[in-house]
Amino acid sequence: MAGLALDGANPDVSLLYDINGLAADAPHWFDRVMEFVGEYGTMFGMVLVALWCWWSVRRREDAVTSVAGLVWAPLAAGIALLINIPIRGFVERPRPFNDHKGLEVLVAGKTDFSFVSDHATLAMAIAVGVFVANRKFGLAAIGLAVVAGFCRVYMGVHYPTDVIGGFALGTAVALLLAPVAMALLTPLMAAISRSQTVGWLVRAKGSVERGAGDGVTTRGAGLEVGSGSGSGPGSGPDDGGSGAFPGPRAGDSERNDLAA
């Protein structure tokens with residue numbers, strides 16, 4: 001089904017020439033930068049964002065679910081790439097430089113089919129997975145994924161619709177399978193967080209977490225404070241790893257006065 005690659009009157013092809021034409025007019029060093037960013041740089045950036053996110057969310061009250069979301073990110077990317085194998089074989093769309101002349105191809109040796117883009121699929125699946133874990137870091141990762149997709153067209157190795165298709169596939173896999181994945185991964189991360197040896201991978205020592213009966217437990221401190229409803233001052237959610245403890249309950253001072 002190579003019919004997706006149409007003539008120059010097609011908007012997809014026209015946009016390809018417009019974006020790739022920037023490479024023909026740019027300095028040689030800039031093209032080399034874009035080549036590195038498109039092939040490796042954005043993926044390296046994704047790893048850094050994911051690691052930064054992991055380091056940050058371990059101190060939060062919802063560390064278990066957040067880390068489960070981060071674990072889901074690369075798993076979603078792998079599943080999306082596997083799904084893309086039969087899609088590529090069915091569509092059989094040639095690379096744009098095989099059907100269109102005058103393109104500035106920055107990376108030679110691409111012989112596989114073009115639709116959909118593996119890079120775009122991988123990048124967006126990871127980005128959406130990070131977004132499931134933490135919205136702030138997820139938005140940064142999605143921005144990197146968009147840059148990766150633009151670079152693939154700039155380099156002349158993909159049509160714009162290859163990239164859009166990759167974004168759609170990565171997003172669909174990461175979101176649609178997330179409920180099942182989180183249902184399986186969250187208990188696993190909770191079990192790991194209780195380990196004395198590898199628990200730090202999920203929850204940082206000294207971080208605040210909910211204990212039984214909605215009390216607050218400080219991991220690694222050997223203390224557990226609060227029980228029952230946990231409605232006293234200071235028992236609200238930890239929004240940044242502040243390590244707050246529950247304050248005295250209303251009426252404690254009155255009971256002390258009566259006792260005195």
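The model is predicted, so local features need pLDDT of at least 70, side-chain atom pairs count only at pLDDT 80 or more, and totals for chains, interfaces and linings use all residues. Residues are numbered from 1 along each chain as its sequence is written, and side-chain values use heavy atoms, without hydrogens and water.

**Stop 1: the core.** Select Met46, Trp72, Val130 and Tyr154. They touch the most other members of the largest nonpolar core, which has 57 residues. Such a core is a set of buried Ala, Val, Leu, Ile, Met, Phe, Trp, Tyr and Cys residues joined through side-chain atoms within 4.5 Å. Buried means under 20% relative accessible area, exposed over 50%, partly exposed in between (1.4 Å probe, protein chains only).

Now pick Met46. Leaving out residues up to four places away in sequence, Met46 touches Ala123, Ile126, Ala127, Ala141, Leu144 and Ala145. Contact means heavy atoms within 4.5 Å.

**Stop 2: H3 and H7.** Helices are DSSP runs (H or I, at least four residues), numbered from the N terminus. In H3, select Trp72, Ala76, Ile79, Ala80, Ile83, Asn84 and Ile87; they meet Leu169, Gly170, Val173 and Ala174 in H7.

**Stop 3: two loops.** Go to Glu92, in the loop between H3 and H4. Phi of Glu92 is near 55°, a positive value in a residue other than glycine. Glu92 is partly exposed, with a relative accessible area of 38%.

Move on to Val116, in the loop between H4 (96–99) and H5. The peptide bond from Phe115 to Val116 is cis, with omega near -5°.
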